[in-house]
Amino acid sequence: MTFLSQFARSERDPRLLKSGSGSLGLPDRLAKGLGWFSLALGAAELFAPGRITRPLGLQGKETIVRAYGMREIASGLLSLSIDKKAGLWSRVAGDVVDLVTLFNAMRPGARRNENLTVAMVVVLGVTLLDLLSSTAVTVAHRRPAGSFKRYADRSGYPQGVEDARGAARGRGMAGAG
Amino acid sequence: MRALVWHGKEDIRCDEVSDPEIQDDRDAIIKVTSCAICGSDLHLFHNLIPAMLPGDIVGHEMMGEVVEVGRGAAGALQKGDRIVVPFTIYCGECDQCRRGNFSVCERSNRNARIQENVFGHATAGLFGYTHLTGGYPGGQAEYVRVPFADRTHIKVPDSLSDEQVLFLGDILPTGWQAAVQCDIKPTDTVAVWGCGPVGQMAIRSAVLLGAKQVIAIDRLPERLGMAAAGGAVAINFDDESVIERLDELTGGKGPDACIDAVGMESHVGFAQPDTVYDRAKQMMMLENDRGHVLREMIYVCRPAGVISIPGVYSGLVDKIPFGLAMNKGLTFRMGQTHVNRWTEGLLKLIEDGLLDPSFVITHTASLEDGPEMYPLFRDKRDQCVKVVLKP
């Protein structure tokens with residue numbers, strides 16, 4: 001994309017030669033990855049729910065899977081936005097809903113239990129990743145509580161605030177606004 | 001050279017790029033000695049300003065030494081001159097420039113055709129900003145090309161430090177213009193929403209222009225502390241009702257003038273439900289800007305008062321109570337700053353020791369550390385108010 005965007009610039013403007021260190025930390029990059037994963041999974045659930053319900057023995061539950069797909073897409077969009085913390089925690093909440101749904105689908109002796117168990121293990125793994133990512137993003141961008149500098153000595157008026165009050169009025173600077 | 005380059009949402013990198021070169025007779029090349037991260041750089045960081053492209057060099061607050069001058073600028077500038085670069089590029093010759101309206105210069109935006117399609121008319125070229133305003137490479141870099149350099153500069157004396165004069169290029173005249181637009185009388189109360197760097201400068205400007213009372217509204221203790229040090233009465237909207245407190249401070253009349261130094265990214269909190277609504281719409285691309293501050297100002301402003309808007313807005317704002325504004329007879333004044341209209345007088349205030357804008361600097365870092373300073377400034381960690389970078 002950076003290469004393509006060069007064509008929109010003046011030929012003699014500075015060109016990128018070598019990329020260096022950036023502002024996106026590991027938690028931010030992880031959030032981005034999970035956001036795209038959410039969008040992909042959400043699209044699959046929304047447009048091909050049968051591919052998910054069949055192996056899990058959940059035929060007839062396509063509408064629920066579609067609703068989960070919409071939830072995934074919302075979480076994905078939020079995780080890719082600057083409010084990624086909310087997006088990632090909404091993914092964690094979604095994981096819990098997924099786990100409860102899968103657990104509730106298990107029946108004693110049913111053949112589908114094997115696939116449901118595999119699905120639950122996968123969702124558990126993703127849940128751990130989501131928890132890790134949510135916590136990391138929260139910590140990375142948190143404004144620590146505690147004592148604050150009050151900057152009480154930063155008036156900006158070397159001669160004091162009382163001398164500054166109205167000092168520009170007599171200088172003909174107030175007009176032409 | 002090294003420069004801070006925009007690669008996408010929240011992705012600023014310190015990259016190696018080719019050096020700028022003279023492209024026009026009126027150009028000059030500046031070796032940047034100091035530059036700063038502006039609140040409006042955060043709008044780019046959040047990808048809320050349209051028409052940014054990966055590979056764009058950011059930064060529009062910079063100063064330094066002239067190292068190369070085009071023939072057309074040679075009369076006004078010489079190698080070795082120390083200048084601050086205003087963020088609005090202006091030709092000095094078009095009809096708008098002759099009127100002093102430098103931020104709407106009719107000739108400096110090299111992408112004027114594109115902007116006319118969106119805005120109706122083109123405005124001035126800006127450094128390190130969207131391609132709608134020319135896509136000029138910015139000054140968070142070791143070197144920067146200054147177009148129309150014979151006019152687009154502020155010469156500064158060696159007796160003043162970089163820190164004292166750097167903000168002549170943007171936040172100081174921006175705060176100043178915001179206050180001047182209020183037509184302040186000695187009996188006036190001026191309320192300033194947002195105590196970031198522009199808000200701090202607006203507070204000092206209102207005090208210098210003789211307002212009876214200046215009120216500062218924010219939620220961060222350190223910013224409110226800095227505002228109080230500058231002579232303002234502080235309102236923390238996390239702790240008290242802005243509307244009730246303003247009523248109390250103005251005897252129920254409301255402020256004579258309200259300054260919006262917040263702009264399109266007002267704080268989102270459940271205590272102000274409209275901000276949550278705005279954020280949701282903004283995320284779904286149904287609205288560009290969050291208008292909470294505008295709504296509150298229109299509601300509290302004294303009838304026949306002034307709403308002055310230095311905060312940046314990018315496009316569509318929803319649910320603005322325009323009927324209130326019309327019936328109260330409010331005057332709206334806004335715009336990008338006509339920087340050089342104000343700099344001579346402001347430089348004199350600094351030289352005379354009446355104002356020292358360096359008070360706002362809380363963090364100084366190298367250009368390499370610039371990418372880390374963006375999220376630190378955005379998250380208000382370490383009580384960051386203003387970051388200056390030293391290339």
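## Strand β18 of chain B and its partners

B:C35 stands opposite B:L389 in β18(B). This pair belongs to the antiparallel contact between strand β3 (residues 28-37) of chain B and strand β18 (residues 387-390) of chain B, which are joined by three bridges. Strands here are DSSP runs of E with at least two residues; helices are runs of H or I with at least four residues; both are numbered from the N terminus. Two strands pair if DSSP finds at least two bridges between them.

β18(B) has another partner in strand β17 (residues 363-366) of chain B. Four bridges link these two, and they run parallel. Within that pairing, B:S366 is bridged to B:K390. Strands of a sheet pair through backbone hydrogen bonds, either parallel or antiparallel.

## Basis of the model

The model is predicted: local features need pLDDT of at least 70, side-chain atom pairs count only at pLDDT 80 or more, and totals for chains, interfaces and linings use all residues. Residues are numbered from 1 along each chain as its sequence is written, chains are lettered from A and ligands numbered from 1 in the order in which they are written, and side-chain values use heavy atoms, with hydrogens and water left out.

One open sheet holds four strands, in the order β1(A)-β2(B)-β1(B)-β4(B), with antiparallel pairing. β1 (16-18) of chain A and β4 (56-57) of chain B stand at the edges. Each has a single partner strand, so one side of each is left without a neighbour in the sheet.

Inside this order, β1 (residues 2-8) and β2 (residues 11-17) of chain B run antiparallel and are joined by six bridges. There, B:G8 faces B:D11 of β2(B).

## Strand β6 of chain B

Strand β6 (residues 82-85) of chain B is covered on both faces. B:R82 and B:V84 lie on one side, B:I83 and B:V85 on the other, and all are buried. Buried means under 20% relative accessible area, exposed over 50%, and partly exposed in between (1.4 Å probe, protein chains only). In a regular strand the side chains alternate between the two faces of the sheet.

β6(B) pairs antiparallel with strand β5 (residues 61-69) of chain B over four bridges. B:M62 has B:V85 as its bridge partner in β6(B). Strand β10 (residues 154-155) of chain B also pairs with β6(B), antiparallel, over two bridges. Here B:V84 is bridged to B:I154.

## Two buried arginines

B:R2 lies in strand β1 of chain B. Its relative accessibility is 19%, so B:R2 counts as buried. Beyond residues up to four places away in sequence, B:R2 touches B:C14, B:D15, B:E16, B:A141, B:E142, B:L367, B:E368 and B:P391. Contact means heavy atoms within 4.5 Å.

B:R145 sits in strand β9 (residues 143-146) of chain B. At 11% relative accessibility, B:R145 is buried. B:R145 and B:V69 are 76 residues apart in sequence, but 9.8 Å apart in space, C-alpha to C-alpha.

## Chain A as a whole

Chain A has seven helices and one strand. From the N terminus on, its elements run α-β-α-α-α-α-α-α. Its radius of gyration is 27 Å, well over the 16 Å that the globule rule gives for 177 residues, so chain A is more spread out than a compact globule. The radius is taken over C-alpha atoms, and the rule is 2.2 Å times the number of residues to the power 0.38.

The C-alpha atoms of chain A fill a box of roughly 90 × 50 × 35 Å along the principal axes. Of its 177 residues, 36% count as buried. Among contacts between residues at least 6 apart in sequence, 64% join residues at least 24 apart.

## Chain B as a whole

Chain B comprises 13 helices and 18 strands.

Of the 391 residues of chain B, 66% count as buried. For contacts between residues at least 6 apart in sequence, 71% join residues at least 24 apart.
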